[in-house]
Amino acid sequence: MTLISMAGNDAMRIIAHQPVVWAARRILSGVVVVWAAATFAFLIQCVLPGDRAQIIINVTSGNVGSASAAELAAINAKYGFDQPLAVQYGRYILQVLHGDLGESYQQHRPVAAIIAEQIGPTIALAIAALVTAWFIAILTTLFIAGRDNTWSKLLNVTQVFLATVPPYWLATILLVLFAVKLRIFPVIGGNSPIGLVLPTLALALELSGFFGQVIQNEFTRVLEQPFVTSARARGMSDFAVRLRHVLRHAALPGITLSGWALGKLLSGAILIEVVFARQGLGGVLVAATSSRDVPIVSGAVLISAGLFVLVSAIADLTYRVVDPRIKLT
């Protein structure tokens with residue numbers, strides 16, 4: 001009994017430490033991802049053609065002529081461009097650790113403040129598109145997937161088509177059809193709920209094709225498992241079996257894709273915001289790219305990396321909620 005008790009206590013300690021080990025691993029991997037993104041953002045600023053001091057002077061003054069040596073020296077001293085790259089890199093990493101993403105060359109304001117003002121609508125659009133894509137994929141899978149009929153074949157073809165359609169092209173079609181021709185939705189989306197519909201669909205329809213294909217394949221496989229046959233033998237209806245037993249297992253591959261999907265949606269949302277003239281990071285990044293305002297672009301890269309780490313961790317936790325048999329590793 002003593003040996004059994006000791007073994008049981010050891011097992012409980014291992015189980016209790018699993019969340020701690022998982023959290024430590026996630027934090028470590030997240031730090032590595034953000035560090036890699038910060039390094040990439042720093043290298044972008046260093047390898048771009050042209051003198052950085054000259055770029056800043058041109059952006060500030062609006063002129064394209066060559067600056068004097070004294071003006072270049074003043075800018076280099078202000079931003080530390082005259083120091084060795086290793087020193088510049090170390091200072092940049094320290095700034096990032098303190099939440100300082102630098103200062104915009106054009107707006108002369110902290111990049112963190114500029115992004116904070118604009119990122120809300122972009123995140124709202126990305127999350128709305130992710131939820132809508134899941135809703136479409138789950139609804140079509142529940143009613144149509146795994147059935148050998150015309151609707152199932154049509155669903156498969158539609159999902160493949162949607163997965164290959166560029167969101168930018170789809171957004172233009174939706175804008176022309178539903179805003180310009182039918183006038184159901186406003187041409188300029190703004191931040192109203194009705195203005196969120198077309199941008200959300202433009203992003204969600206493509207993603208629903210990806211999710212639908214992954215979930216549908218797994219859904220069809222799970223339908224053939226013995227526990228599904230047992231559930232039906234107990235008198236459970238076909239829809240109840242699909243909803244309560246099959247969908248939970250079939251959704252796991254889609255959850256894996258959700259972390260990647262949100263990162264894809266954030267980048268896609270920037271383009272969609274430009275199409276629908278929505279407030280968000282889209283307009284800011286387009287202006288920053290055209291004016292070579294590198295700190296804003298680098299800050300957006302860092303923020304996107306941080307959001308990717310966060311969403312990946314949430315996806316892993318969702319795995320545990322959907323199927324408790326899966327251990328955090």
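The predicted model has a mean pLDDT of 79 for the protein, and 89% of its residues reach 70 or more. Here pLDDT is the predictor's confidence in each residue, from 0 to 100. Residues are numbered from 1 along each chain as its sequence is written, and side-chain values use heavy atoms, with hydrogens and water left out. Because the model is predicted, local features need pLDDT of at least 70 and side-chain atom pairs count only at pLDDT 80 or more, while totals for chains, interfaces and linings use all residues.

The mean is lowest in α1, at 67, and highest in α5, at 88. Over residues 1-16, pLDDT stays under 50. The model has zero contacts beyond four places in sequence for this stretch, a contact being heavy atoms within 4.5 Å. Where pLDDT is low, the predicted coordinates should not be read in detail.

The protein contains 13 helices and zero strands. Both are DSSP runs, numbered from the N terminus: helices are H or I with at least four residues, strands are E with at least two. Along the sequence the pattern reads α-α-α-α-α-α-α-α-α-α-α-α-α. Among contacts with a separation of 6 or more, 72% are between residues 24 or more positions apart. The accessible surface comes to about 17,700 Å², and carbon and sulfur atoms hold 70% of that area. Areas come from the Shrake-Rupley method with a 1.4 Å probe; for residues, only the protein chains shown count as cover.

Of the 329 residues, 40% are buried. Buried means under 20% relative accessible area, exposed means over 50%, and partly exposed lies in between (1.4 Å probe, protein chains only). Helix α2 (residues 52-61) is largely enclosed by the rest of the structure, because seven of its 10 residues are buried. These are Arg52, Ala53, Gln54, Ile55, Ile56, Ile57 and Val59.

In soluble globular proteins, nonpolar side chains tend to be buried together. The largest nonpolar core in this model has 45 residues. Such a core is a set of buried Ala, Val, Leu, Ile, Met, Phe, Trp, Tyr and Cys residues joined through side-chain atoms within 4.5 Å. Leu130, Phe211 and Leu265 have the most contacts inside the largest core. At least two core residues come from each of α5, α7 (167-181), α8 (197-222), α9 (226-233), α10, α11 (252-275) and α13 (294-322). Apart from this core lies another, of 21 residues, among them Ala41, Val111, Ile114 and Ala300. Beyond its neighbours within four places in sequence, phenylalanine 211 contacts Leu130, Ala133, Trp134, Ala137, Gly254, Leu257, Ser258 and Ala261.

Glutamine 45 sits in helix α1 (residues 2-47). It counts as buried because its relative accessibility is 11%. Beyond four places in sequence, glutamine 45 touches Arg52, Tyr92, Tyr105, Val294 and Ser298. Serine 104 is in the loop between α4 (85-97) and α5 (111-144). With 0% relative accessibility, serine 104 is buried. Its contacts beyond four places in sequence are Arg109, Val111, Ile114, Asp293 and Ile296.

Two or more patch residues come from each of α5 and α10 (238-250). The most come from α5, with three. Leucine 139 lies in α5 and is partly exposed, at 39% relative accessibility.

Backbone geometry was also examined. Most residues other than glycine have a negative phi. Histidine 108, in the loop between α4 and α5, has a positive phi of about 55°. Histidine 108 is partly exposed, with a relative accessible area of 41%. Arginine 183 has a positive phi near 60° and lies in the loop between α7 and α8. With a relative accessible area of 70%, arginine 183 is exposed.
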